[in-house]
Amino acid sequence: MGLVFAAMFVSISLLPSLLPRVPAVQGVASGVSFIVGYGIGAATHYVWNYLGIPDLKGRARQIVVGLFLAWIAINLSIGIWRWVGWQNETRIAFGMEDLHPTAWPIVIGVGVLVATLLLIVSRALRTLFRWAGDTLDRWLPRRLAITLATGGLLLLLWLLATGLLVQGFFTVSNAVFSVRDGEDKAGVEPVDSALRSGGTGSLVAWEDLGRQGRSFVSSGPTTDELDDWSGGGATEPIRVYVGLKSADTVEDRARLLLDELVRTGAFERQALVLGTTTGTGFLEPNAVDSLEFLFDGDTAIAGLQYSYLPSWISLLADQAAVKEASLTVFRTVHDHWAALPEDDRPELYLYGLSLGSYGVESVLGGIDIINEPIDGAFMSGPPFVNPLHNELTAGRDAGSPAWLPVVSDGRTVRFTGAENTLSEPTATWGETRVVYLQHGSDPVVFFHPTAFYREPAWLEGDRAPGVSDTMQWFPLITGWQTLLDMPGAGSVPEGFGHMYSATSNLECWVAVTNPEGWTDAQTTALAAHLEERAAEQRSLLEQLGD
């Protein structure tokens with residue numbers, strides 16, 4: 001029974017999920033699925049025997065076992081054979097190269113290795129539980145001994161996993177990535193502009209900006225680039241950033257950020273954006289660059305680092321940190337901005353990608369903006385931990401899909417994806433506009449722990465672009481598949497997964513800021529320019545080896 005269930009679970013694990021899977025990742029998914037299925041099957045057989053139901057014997061047993069073994073062999077062979085085709089269907093939809101059939105040995109090899117390791121661990125734990133029960137059995141009644149031993153060991157393992165192991169993992173990760181924070185990306189050079197943190201007259205030292213901060217302030221469109229696009233009259237954009245090493249506390253870093261904004265003249269610009277960074281302090285170039293082109297450089301964009309950890313770890317470790325950082329920065333800057341004359345201050349916008357959107361939601365859910373509302377907020381790739389996003393999706397208008405919800409006919413909040421749908425809701429959009437940009441194939445957005453035991457709403461009805469029609473929900477397996485998709489969400493072409501294009505970012509900024517006199521034709525033309533520019537930059541980075 002263990003092998004039958006294991007084979008069934010492995011076959012299911014080969015079905016498509018949100019993203020194409022490389023052979024090694026598929027091997028992990030299948031190996032874990034094998035052990036989960038084996039455990040369920042073995043437990044089922046144990047209950048069968050416990051209830052006193054007799055097993056088959058003799059000739060009948062041989063026939064049934066033979067049929068099961070044949071079914072296992074055929075089912076697994078077909079599943080492995082069709083896996084390449086299923087993966088290639090998804091890869092074609094994503095614009096990726098086909099997967100070569102030689103991927104099969106990797107899937108099988110990794111799967112067997114993972115399943116073997118997990119089996120060894122599970123058998124070791126079973127031996128430990130039996131030893132504990134037998135030890136207590138010397139002094140206590142058998143059933144009481146087993147109950148106490150099982151309960152005590154489960155509690156000990158839980159405390160070990162959630163305490164020592166988890167904290168140890170976060171501590172080691174923080175130490176490892178803090179070293180990486182001191183290294184620069186390819187092509188990054190110190191700045192001398194007085195309008196950039198780390199430049200001339202800056203209150204923040206260049207070396208304290210961190211890896212992502214130095215990249216942010218040293219990149220972006222130049223005045224010449226903006227003039228070439230607009231025809232002349234561009235302003236040099238302001239970019240302000242404060243790293244973790246710039247000050248001891250988040251309050252001090254927020255105050256330093258405000259001082260930098262004042263120093264650079266940010267409150268004299270047309271638009272001021274407070275960007276909540278991702279875990280490492282990253283601000284998406286496709287988002288910030290497109291805004292600067294849209295406003296011809298008359299902008300100021302500010303970011304603050306709150307962690308050294310990449311987003312896939314920060315998602316678990318830094319929810320409190322990003323919330324504190326986002327709220328502290330907003331309150332500090334908003335108090336100064338709100339005290340300025342209304343007709344003599346910039347439009348104030350919030351921006352966040354991935355975990356950064358969690359910080360933006362923290363601000364939107366507060367009371368700080370009631371008297372002096374912001375002008376808008378733009379969030380892309382919101383992760384499953386975002387409470388406001390989850391609430392809006394659950395309360396969406398009837399008939400709208402979970403992967404592209406419509407809320408209150410778009411009066412305040414609107415959702416869009418790779419295809420711009422921001423103009424589809426028919427209600428009048430208010431002065432403060434909020435936009436969510438999300439791909440239906442983004443596991444960072446659509447993974448949720450409930451997928452382990454309940455079919456997610458985004459699999460019901462019509463599928464989002466790029467999501468395979470072959471993908472089906474199965475208890476345990478679908479949740480595990482989608483969870484494994486998350487680390488690879490940033491390794492797919494733009495327009496899918498967690499990769500949001502310059503075009504999509506521009507369209508969202510146009511909708512949120514609603515520039516006077518701006519036309520759809522201008523959006524199309526600027527989007528083409530931005531995509532060409534982004535392709536050139538990617539090519540340059542590839543040449544530099546980054």
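Two strands pair if DSSP finds at least two bridges between them. With that in hand, here are some close-up views of this predicted model.

**View 1. Strand β5 and its parallel neighbour β4.** Let's start with β4 (residues 347-353), which pairs with β5 in the parallel sense over five bridges. Look for Y351 here: F378 of β5 stands opposite Y351.

**View 2. Strand β5 and its other partner, β7.** Strand β7 (residues 433-437) runs parallel to β5, and five bridges join the two.

View 3. Turn now to how β5 (residues 376-380) is covered: five of its five residues are buried, so the strand is largely enclosed by the rest of the structure. On one side you will find G376, F378 and S380, and on the other A377 and M379, all of them buried.

View 4. Y50 belongs to helix α2 (residues 23-50). Its relative accessibility is 66%, and because exposed means over 50%, Y50 counts as exposed.

View 5. R533 and E225 form a salt bridge, with their closest N and O atoms 3.0 Å apart. This pair links distant parts of the chain, as R533 sits in α17 (residues 520-544) and E225 in α7 (residues 223-230), 308 residues apart. R533 counts as buried at 8% relative accessibility, whereas E225 is partly exposed, with a relative accessible area of 27%. Both residues also belong to a network of salt bridges that links E225, R239, D289, E292 and R533.

View 6. D259 is partly exposed at 27% relative accessible area, and R255 is partly exposed at 48%.

**View 7. A salt bridge between two loops.** The last stop is D298 and R269, a salt bridge whose closest N and O atoms are 4.0 Å apart. D298 lies in the loop between α9 (285-294) and β3 (299-304), and R269 in the loop between α8 and β2 (271-276), 29 residues apart. D298 is partly exposed, with a relative accessible area of 22%, while R269 counts as buried at 12% relative accessibility.

Methods
Residues numbered from 1 in each chain as written. Predicted model: local features only at pLDDT ≥ 70, side-chain atom pairs only at ≥ 80, totals over all residues. Heavy atoms only, no water. Buried < 20%, exposed > 50% of the residue type's maximum accessible area, 1.4 Å probe, protein only. Helix = DSSP H or I, 4+ residues; strand = E, 2+ residues; numbered from the N terminus. Salt bridge = Lys/Arg side-chain N within 4 Å of Asp/Glu carboxyl O.
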